[in-house]
Amino acid sequence: MTGGLLAWLPMLFTASVFAVMGSITLAGLIRSLTRARGRVLHLMTLAGGGVALVVLAALALGMDAGPALIPGFAGGLGAGVFWLIGALAARARPAWVDGLVILATIAFFSSYAAMSDHAAEVARVFPGLTIPGPEDAP
């Protein structure tokens, strides 16, 4: 991988993390505003995604989000689960929000795979959090 791309990889990864949570939160918002079936699920998606985005923003800004890591993780995980169940309940209407979530997820996994291949060469993304590499042996 070229040095230029390695320099941009942390920013691409950070953007993909925010894109996944942002698109899931947007899906919850759009579906709750359009009164799609499973409204409680969409509100739970919106709430969980909002919590996760706030914690991610704090981490990206370098703040110590220690006590908020568990609620942020739970919110992000819950938002993903509620989004999936809500998409089934709403019969994937509107479908374009699901397309955004899928594209953001593909971007996330692609950038994560590229970062894990070059963990020693890539700068830290979130202060205090790193992707384990060969030099982090137990």
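Start by selecting F108: its relative accessibility is 22%, so this residue counts as partly exposed. The cut-offs are under 20% relative accessible area for buried, over 50% for exposed, and partly exposed in between, with a 1.4 Å probe and protein chains only.

This is a predicted model, where local features need pLDDT of at least 70, side-chain atom pairs count only at pLDDT 80 or more, and totals for chains, interfaces and linings use all residues. Residues are numbered from 1 along each chain as its sequence is written, and side-chain values use heavy atoms, with hydrogens and water left out.

The structure holds 4 aromatic pairs. Zoom in on F108 and F109: the ring centres are 5.1 Å apart and the planes sit at 65°, so this pair is edge-to-face. Rings of Phe, Tyr and Trp (its six-membered ring) pair if their centres lie within 6.5 Å; planes under 30 degrees apart are stacked, over 60 edge-to-face, and the rest tilted.

**Whole fold**

Switch to cartoon. There are 4 helices and 0 strands, in the order α-α-α-α from the N terminus. Helices (H or I, at least four residues) and strands (E, at least two) are DSSP runs, numbered from the N terminus. Of the 138 residues, 37% are buried.

**Core**

Next, select L9, M21, I24 and W83. They have the most contacts inside the largest nonpolar core, which has 18 residues. Two or more core residues come from each of α1 (3-33), α2 (39-60), α3 (69-89) and α4 (95-117). The largest share, 9 residues, belongs to α1. A nonpolar core is a set of buried Ala, Val, Leu, Ile, Met, Phe, Trp, Tyr and Cys residues joined through side-chain atoms within 4.5 Å.

Which residues does W83 touch, not counting those up to four places away in sequence? Show I24, A27, R31, T45, D98 and V101. Contact means heavy atoms within 4.5 Å.

Select α3. Its 21 residues should span 30 Å at 1.5 Å a residue, and its end C-alpha atoms are 30 Å apart, which agrees. The expected span is 1.5 Å times one less than the number of residues. Buried here are G72, G75, G76, G78, A79, W83, G86 and A87. After α3 comes R91, with a positive phi near 55°.

Finish on α4. It has 23 residues and reaches 34 Å from first C-alpha to last, close to the 33 Å expected. Its buried residues are V97, D98, V101, A104, S111, A114 and M115.
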